[in-house]
Amino acid sequence: MNLVHYWRAMSGIIGRELWRFITQRERFISALVRPLIWLFVFAAGFRAALGLAITPPYETYILYEVYITPGLIGMIQLFNGMQSSLSMVYDREMGSMRILMVCPLPRWFLLLSKLLAGTFVSILQVYVFLAIAWFYDIHAPWQGYLWVLPTLILSGLMLGALGLLLSSFIKQLENFAGVMNFVIFPMFFMSTALYPLWKMKESSALLAKLAEYNPFSQAVELIRFALYGQFDQHAFFYTLSAFIVFMAAAIVGYNPSKGMMSKKGGG
Amino acid sequence: MTINNSSALCIEQLSYAYSGKKALDNVSFSIQPGECTLLLGPNGAGKSTLFSLITRLYDSRDGQINLCGYDIKRQTRLALAKLGVVFQQSTLDMDLTVMQNLLYHTALHGISRKVALPRIQQELERLNMYERRFEKIRQLNGGHKRRVEIARALLHKPALLLLDEPTVGLDVPSRLAIVDYVHQLAAEENLAVLWASHLIDEIFPDDHLVVLHKACVKAKGTVDEVLAATETTSIKDAFYNLTQGAAS
């Protein structure tokens, strides 16, 4: 087993995922429609209702659409992370996951490669979204578009690892819809994606506390600061720690001695 | 416990249980290179569990599995490199072409494109599938999909080929073609084959048999040895005696 083998396998897994994404036009379009509706409809309507004070990283008064953009980037990655884990449950039920699991490489490496593949797909979606948002007059400094890339890798990995962890505990595809509702919606709405923390504190201290500890909030803040050329150290370490915890738990979940396959018996 | 290093597969005193219910109970047998072994058993006998343990999708808590002398638990990657598998359910990606599916498999096994392409051509030509290499899997019929899966399982030159009821749902000509091809592979390429089935007409006279019933090995050996042990003249009768007779 040499490094070339690892490289070829990882390239194969990422290439397959990107190819599937590019050829599945419906998936590409629906991944973009969701955040764009939030941007064009929800944010436009909500603009008048929510007054925003000047808070870092912003140096001036901003429109609500500008505030919500990093949250919607996080939303793209959150949905993508959950969708790729959904596809893993599907692959496992349909059997194609077995081919991956019986190849002669460590399981953690295979799971990490799958995760990276999903993250690359989400980054593609994010940049297309940012391009459309640019035409809608949502402009970040040009360096921000570069700075945001490493943070997108980290946030994508963290949210993908969470999806992976969930998929390791889900025995059947049917059970996934419920988990999606219990994870995606609370995570998204209980975060700084739609409203700033200080605004939330005005209505509920508990909600603000929950949002502060929500790893999705930290990922969104990491993206928000990076988009304006700044580094949020606290958000970085929080997101990194969450990724390590989720990934380690997912690897344990996919350990054969814990039984990742649905134990249906058979012939 | 003695492990024979020359065996392609050696299973010793293997047991496995789902929530206290035994799926495999003290199973032992071995397969030599060039040997085609049919694993026979009714539904629920433990065949799929055994395959999941050999492929390390499950962990064997009791007993030992060795592939070409490598312990599947301790030398997992070396052991898996020697293994080609065709699962009961199709494991091909329906939206990719035959070629893309096969290249994906070779990438997972660390085979360069330069080496992979001629191998893919060779395996597909042997199965009369090369001209279909750019077709999507979704467009192929059941028999052709199975051929692609067999070709894929051989691309990394395994020493042991596992087939989990690969002919289920196929028409008679497709079924016979696959049975003939796999037997030919075992004979010509010195490939060890473990073929799970409950179809008795897939057995050739020179094959070895392992009859699994209610988690236990009821009989093992060549066709003649199993017939002699059960005092029967046909595999059908022997299978009936071992499974129905034992069931009562």
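Trainee: Where in chain A is confidence lowest, and where highest?
Mentor: This is a predicted model, in which local features need pLDDT of at least 70, side-chain atom pairs count only at pLDDT 80 or more, and totals for chains, interfaces and linings use all residues. Residues are numbered from 1 along each chain as its sequence is written, while chains are lettered from A and ligands numbered from 1 in the order in which they are written. Helix H8 (residues 197-203) of chain A is lowest, with a mean of 78, and helix H10 (residues 215-227) of chain A is highest, at 93. Here pLDDT is the predictor's confidence in each residue, from 0 to 100, and helices are DSSP runs of H or I with at least four residues, strands being runs of E with at least two, numbered from the N terminus.

Trainee: What does chain A average?
Mentor: Its mean pLDDT is 83, and 88% of the residues score at least 70. Over residues 259-267 of chain A, pLDDT stays under 50.

Trainee: Turning to chain B, how many helices and strands are there?
Mentor: Chain B has eight helices and ten strands.

Trainee: What share of chain B is buried?
Mentor: Of its 248 residues, 49% are buried, that is, 20 or more other C-beta atoms, placed from the backbone, lie within 10 Å of the residue's own.

Trainee: And how many residues does each chain bring to the contact?
Mentor: Chain B gives 34 residues and chain A 29, two residues being in contact if their C-beta atoms, placed from the backbone, lie within 7 Å. On the chain B side, helix H1 (47-54), helix H2 (76-80), strand S6 (83-86) and helix H3 (98-108) each supply at least two residues.

Conventions: A residue is buried if 20 or more other C-beta atoms lie within 10 Å of its own, exposed if 12 or fewer, and partly exposed in between; C-beta atoms are placed from the backbone.
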